[in-house]
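Dear colleague,

Please find below the structure that I am handing over to you. I would be grateful if you kept it open while reading the notes that follow it.

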Amino acid sequence: MLQWTTEQQALLDIQKAVPMAWRMNSTQLHSFCERLRQNQPQILPGQLGSGFLMLLDEIADLKNEAEPKIWSELMRDTKKMMSLTQQRRDRQDWLHALSRLETQQDQFFQTKLGDSFILALKEKLGLQTPQIKADYSKNNESSTELLPQQRELEKVAAWLMEDTGRKRAVRKKQAVRKKRAADLFDRMAIAVLACMSLCLLSVWLYGQVERNQNFWDAQRMKATAAEQQDGAGNKQKAAAGDEADYTDKQGSGAESGDSMEGSAYRNNQTAAGSGSGADSQSAPAYAAGRGAAAKIQSADAAGSRKRPKILQQYREMAKEYPGLFGWLQIPDTQISLPVMQPLTEPNFYLDHDFTGAESSEGALFADPKNSRWPQDDNIVIYGHNMKNGHIFGRLNLYEDAGYFESHKEIHFDTIYETGVYEAVAVLKTRILNENEQGFRYYQFFQYDNEEEFWQCADFVKNSQLFDTGKSIQYGDKILMLSTCEYSQENGRLVLVARKK
């Protein structure tokens, strides 16, 4: 069996680099290539890494902007190559496959990255040795005596050209079966654990929490508060037109212990059903910004405006990936990622990347109840708290006041409009229990009056780790970046920003 470890690492990094390069102009792309080249042995090793950099250079050298379709073609090629490297095939199979790849390359790959894949395969097969060369030549002979080998060649070709949609369907069916088996095992484990002593149960729960820290850290953290959303939510959906209509399912999105919010999601769903999610205490009567009437009038005016066209830099990506909500970038950090929004399954981007491929890192995603147009008063974005620093794995750096002060600027675009935000607070909070009173930021998207706004403002003020000298003001567009935090049960770390 051939070992593809180096190539698989390069393909994973290429899949991360393409969405960033997608939105760059020629000058930016040249600079991006130079930075990648400086660290090529670590992040883009082998023939595939070198071939990818050469392809980026060619695109950057074009006088005009590169054709947008080349990026989607490149993503499809990397997915196909990843699929090929994961197959368990012996050397003879690969020799047959190489012959077909070389003679009919255009049928398998759409970009020049295919040349690098073929070169890498030749190196792994050791075609420079006389014996292997002879075997390779023999496999390419067209005599009638090689009819069995020809049939084998056709079989391998069929395997290479297997429909990716069908394979994806098979994988999904396998995942469903595995999940059902895991759910059955969990129920049996709970029944056994119920008979054990309180001491043993506590030890087991502690182990579960420890294991959770090694996996993904951004589970769905909200559910519908029907009374709170009936008015504002319906008007928002009517204005948004093409926004998906999500119905919360109590407990249906709960994940197993391997997800950072498996049990937290169930707690969140249950808590949402207990009421509006707002604190029962009345909001303080201190100075507010604009009046309630002006706020409502502004919202109505926004809703009546014609939906704008998708911004040019996101138009091709939105066509390729309909779930694209926008783009989040924090200067001088590694956060520069697309923000998705689930179209059918609320939990989809917990274990899928922005392309829809299965991924343990998941993707950044906006709350399913948020509206892209007109933009809600508060956008909530979730992401896993990865130990390797990916996704929202570095958000905890904002707990340091010095880091917060030097990284306050946040760029967040929806596909319809750009936006620059200023961070005003970093919070430590948690998901509330079902009957617990308090403000639920993960259910707060619109405020129609000053009382509703000040409930949010009080929550931010009372939960912040330190005084930043800034605060949200009535009439602000708010952005909340949310991930897991482990100092308390169902803990959350939330970075709060206001639009400039």
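L324 stands opposite M340 in strand β2. This position belongs to the pairing of β1 (residues 324-329) with β2, which is antiparallel and runs over five bridges. Please bear in mind that the model is predicted. Six residues lie between the two strands of this hairpin, where D332 takes a positive phi near 65°.

Strand β2 (residues 336-340) also pairs with β3 (residues 364-366), here in the parallel sense and over two bridges. In that pairing, V339 has L364 of β3 as its bridge partner. Four of the five residues of β2 are buried, and the strand is thus mostly covered.

Turning to the helices, α4 (residues 46-61) has 16 residues and reaches 23 Å from its first C-alpha to its last, close to the 22 Å expected. Its buried residues include L48, F52, L56 and I59. The buried residues of α4 pack against α1 (5-22), α2 (26-38), α3 (40-43), α5 (69-85) and α8 (113-125).

For α1, the end C-alpha atoms are 26 Å apart, which agrees with expectation because 18 residues at 1.5 Å a residue should span 26 Å. Among the buried residues of α1 are I14, A17 and V18.

Which residues does F52 touch? Leaving aside residues up to four places away in sequence, they are I14, A17, V18, L36, L44, L74 and L113. F52 is also among the residues with the most contacts inside the largest nonpolar core, which has 82 residues; the others are L29, L56, W71, I472 and V496. A second, separate core of 27 residues includes L328, V339, I379 and M386.

Yours sincerely

Key: Residues are numbered from 1 along each chain as its sequence is written. This is a predicted model: local features need pLDDT of at least 70, side-chain atom pairs count only at pLDDT 80 or more; totals for chains, interfaces and linings use all residues. Side-chain values use heavy atoms; hydrogens and water are left out. The expected span of a helix is 1.5 Å times one less than its number of residues. Buried means under 20% relative accessible area, exposed over 50%, partly exposed in between (1.4 Å probe, protein chains only). Contact means heavy atoms within 4.5 Å. A nonpolar core is a set of buried Ala, Val, Leu, Ile, Met, Phe, Trp, Tyr and Cys residues joined through side-chain atoms within 4.5 Å. Two strands pair if DSSP finds at least two bridges between them.
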